[in-house]
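User: I have a model open here and would like to talk through how it is put together before I set anything up with it. Could you take me through it piece by piece?

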Amino acid sequence: MKRALAVLLMLGSLAACASEASTSTTRPPDAEGARSPSGHPESTPSDEETTLPAATSEDETTTVELWYSMTTTSAFGGGLVPVYRDIPSTPGIGAATLRTWLEGPTSEEIAAGIDGTIPEGTELLGLHIEDGTAVVDLTSEFERTNMGTLGESLLLEELAWTITQFPTVDRVLLKIDGEFRDHYMGHGFVIDEDHPLERNRRDPVAPILVSRPKFGARFAGGDVVQGTANVFEATVSIRLLDDDGNILFEGFTTATCGTGCRGDYSKRIRFDIDHQQPGTIEVFEVSAKDGSETNKVTVPVLLVP
């Protein structure tokens, strides 16, 4: 896991009840399009790195993770969570993913507690990947923050977790306006070959992640809620609400690991409705101390009969 302060959607990147199979979030294809034609860094990236070509057909899309932080506090004062986007498939998938990340979370995701901390106006100037290291070149707006040490650290973690979802990337270095710096952001973070951004430093991920369903997805009776969790005794509680706030389903499942380790969970949700309507899935931990609901993740969905 890469360097971070622990807080939540990122992202990354789930186990089931005995009768339900467990599935994990898969990583997107290699970000080969982020390499320069010569295989060496360039001061001006190639067109392939700096543009997002159209897919060759309407059906050719790739689902990618965009990691953001949660606004609500949890066991570690918050956490990173992934949200998912279907973007046009392109050889430059790494650069396309970063540009999509820079757009920030949707209004629906923000309403669910996901925080878009990316400074307005930040643009991607280039992305070079070689030998597992991604060099991300951003405009100077990226450093114009008033978020304090915690917020700046989370912003760097969001960047790192978003690009390291690709198997070709293990660590991240940062350029600002085409140049490496001795230190970054207002609080002087050191990011160099000896101190790259990478997932295996600490775990900033929120205690509960939901990888399925995605925000706004269609959800019918018999569909599955799944993700990963690090919660007390691996017990994950799940609730489904209809458009009026009525409970359609309430239950729990057990992750493959818990109380200090992250495990996969999966639960098939059964319910009946007579018409299509908005709904809400809540996934949370019940506090062993006082029975309160903690580390809650809320996913808006479209309920279908």
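User: What is the strand order of the open sheet with three strands?

Analyst: The order is 2-1-3, and the pairing is antiparallel. Strand 2 (80-88) and strand 3 (114-115) stand at the edges with a single partner strand each, so one side of each has no neighbour in the sheet.

User: And which strands does helix 2 lie across?

Analyst: Helix 2 lies across strand 1 and strand 2, and runs at about 40 degrees to strand 1. Helix 4 (residues 148-163) also packs on the sheet, where it touches strand 1, strand 2 and strand 3, and its direction makes about 160 degrees with that of strand 1.

User: How many residues of helix 2 are buried?

Analyst: Nine of the 10 residues in helix 2 (residues 93-102) are buried, which leaves the helix mostly covered. Among the buried ones are Ile93, Leu98, Trp101 and Leu102, along with Thr97 and Thr100. Just after helix 2 comes Gly104, whose phi is positive, at about 85 degrees.

User: Changing topic: what is the order of the open sheet with five strands?

Analyst: That sheet has the order 8-14-13-10-11, and its pairing is mixed. Strand 8 (218-220) and strand 11 (247-254) are the edge strands, each with a single partner strand, so one side of each is left without a neighbour in the sheet. On average, and ignoring direction, neighbouring strands of this sheet are turned by 35 degrees against each other.

User: How many bridges join strand 10 to strand 11?

Analyst: Seven bridges join strand 10 (residues 235-241) to strand 11, and the two run antiparallel. Within this part of the sheet, Arg239 stands opposite Glu250 in strand 11.

User: I also noticed Glu282; is it buried or exposed?

Analyst: Glu282 counts as buried because its relative accessibility is 11%, and the cut-off for buried is under 20%. The residue lies in strand 13 (residues 277-286), and its side chain makes a polar contact of 2.7 Å with the side chain of Arg239. Leaving aside residues up to four places away in sequence, Glu282 touches Ser237, Ile238, Arg239, Leu241, Lys296, Val297 and Thr298.

User: What about strand 12, and why is it called largely enclosed?

Analyst: Five of the six residues of strand 12 (residues 263-268) are buried, so the rest of the structure largely encloses it. Strand 12 is joined by six bridges to strand 9 (residues 224-229), and the two strands run antiparallel. One of the pairings there puts Ala229 opposite Gly263 in strand 12.

User: Last topic, the confidence: what is the mean pLDDT of the chain?

Analyst: The mean pLDDT of the protein chain is 78, and 76% of its residues reach 70 or more. Over residues 1-27, however, the pLDDT is below 50, although this stretch has 144 contacts in the model beyond near neighbours in sequence.

User: Which other residues have pLDDT under 50, and how many contacts does the model have for them?

Analyst: Residues 32-57 stay under 50 as well, and for them the model has 49 contacts beyond four places in sequence. Where pLDDT is low, the predicted coordinates should not be read in detail.

Methods:
Residues are numbered from 1 along each chain as its sequence is written. This is a predicted model: local features need pLDDT of at least 70, side-chain atom pairs count only at pLDDT 80 or more; totals for chains, interfaces and linings use all residues. Side-chain values use heavy atoms; hydrogens and water are left out. Helices (H or I, at least four residues) and strands (E, at least two) are DSSP runs, numbered from the N terminus. Buried means under 20% relative accessible area, exposed over 50%, partly exposed in between (1.4 Å probe, protein chains only). A polar contact is a pair of N or O atoms within 3.5 Å; within protein, one must be able to donate a hydrogen and the other to accept it, and residues adjacent in sequence count only if both atoms are side-chain atoms. Contact means heavy atoms within 4.5 Å. Two strands pair if DSSP finds at least two bridges between them. Axes are lines fitted to C-alpha atoms, for helices over the stretch in contact, and angles run from 0 to 180 degrees between N-to-C directions. pLDDT is the predictor's confidence in each residue, from 0 to 100.
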